[in-house]
Amino acid sequence: MKKVHIIAVCGAGAGSSAILMVNIRKALNLLGVEGNVDMAPLYLISAFSPDIICCAKTFASRIEEQLGSKKIPIVTITNFGSIEEIASKLKKVLTDMGYLK
């Protein structure tokens, strides 16, 4: 099966996105899904073509604007330290995309 590519996004692409990236990897492992997870600052997101973008709710509308016509699911995470929240929110999107059954 194809690996899912997820980008963890925050304002500067260094602090909170690093925490989110590590915990997305843990959530994918928990779900049994192989994937590549990277991090990026908000201002560079349009340079990427991931399968899924994860970020705080405050960045979602700005990411949508930058993506323009690209239809990439945006998963908003409230607690970057909660592997349970990340796994739960990713599970639905991954199922819809065919990465999970």
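Buried means under 20% relative accessible area, exposed means over 50%, and partly exposed is in between (1.4 Å probe, protein chains only). By that rule K92 is exposed, at 54%.

This is a predicted model, where local features need pLDDT of at least 70, side-chain atom pairs count only at pLDDT 80 or more, and totals for chains, interfaces and linings use all residues. Residues are numbered from 1 along each chain as its sequence is written, and side-chain values use heavy atoms, with hydrogens and water left out.

Strand 3 runs parallel to strand 1 (residues 4-10), joined by 3 bridges; two strands pair if DSSP finds at least two bridges between them. Here I6 sits opposite I52.

Now for the salt bridges: a side-chain nitrogen of Lys or Arg within 4 Å of a carboxyl oxygen of Asp or Glu. The whole structure has 3 of them:

| Pair | N to O distance |
|---|---|
| K2 and D51 | 3.7 Å |
| K89 and E85 | 2.9 Å |
| K92 and D96 | 2.9 Å |

K2 lies in the segment before strand 1 and D51 in the loop between strand 2 (35-41) and strand 3, so this pair ties together parts 49 residues apart in sequence. K2 is exposed at 57%, while D51 is buried at 16%. K92 and D96 are 4 residues apart in helix 3, so about one helical turn separates them.

Technical notes
Helix = DSSP H or I, 4+ residues; strand = E, 2+ residues; numbered from the N terminus.
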